[in-house]
Amino acid sequence: MSQWLDVNKAISYASAWATWNNDGNYYREGDDCTNFVSQCWHEGGIKMCSYWANDISRYIFTPAWAEVETFCYFMTTSSADLDPNADGMPIAKIVQEISTPLNDYTNIIQLGDIVQCYNADKGWHHSIIIMDLVNGMPRYCAHSSFANYMNLTVQFSSAADSPNSKIRIIRALNIIYNS
């Protein structure tokens, strides 16, 4: 069973909910950056399973749904049938890890990619979704502190993300681009 990410659906959802919490459909507590990007990929077509889920009726979500490192591990090691113990192609891959700041992301970051942020103080601590590219510069949406079509360099301009910051780019392996 293949999982497909419809990038336009994921981006549309992210744009609609970038500055609001979708509390009617998804449970959240505390910082919810990874919860938000999980919602985006789910709305784009990646199916929930017992390892990656958000159940508002029971007020729970799995660690893979809501935690930065666990999301990355699950998406890059779980087979497309969503069984992390099965052999097969994972849902996503880490495209690249980049020290920041980088001024030209052309041909590195694509629409719908999940970018996760690292610094020496916090480790891997934040997830964002790429919405578009303007003159080669990615713009993103995120939660924890709401961001809607923010330039990626903004993420790395604060003292909290420097020095020694880096990002990793996570991309779904099966992607649909619809207009």
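Colleague: Which residue just after α2 takes a positive phi?

Modeller: This is a predicted model, where local features need pLDDT of at least 70, side-chain atom pairs count only at pLDDT 80 or more, and totals for chains, interfaces and linings use all residues. Residues are numbered from 1 along each chain as its sequence is written, and side-chain values use heavy atoms, with hydrogens and water left out. Helices (DSSP runs of H or I, at least four residues) and strands (runs of E, at least two) are numbered from the N terminus. The phi is about 125°, and the residue just after α2 that takes it is Gly 45.

Colleague: How many residues of helix α2 are buried?

Modeller: Buried means under 20% relative accessible area, exposed over 50%, and partly exposed in between, with a 1.4 Å probe and protein chains only. Helix α2 covers residues 33-43. Its buried residues include Cys 33, Phe 36, Cys 40 and Trp 41.

Colleague: Where does Thr 62 lie, and which residues does Thr 62 touch?

Modeller: Thr 62 lies in the loop between β3 (60-61) and α3 (63-66). Thr 62 is buried, because its relative accessible area is 14%. Contact means heavy atoms within 4.5 Å. Not counting residues up to four places away in sequence, Thr 62 touches Ser 50, Tyr 51, Trp 52 and Ala 53.

Colleague: What percentage of the residues in the chain is buried?

Modeller: The chain holds 5 helices and 10 strands. Of its 179 residues, the buried ones make up 46%.
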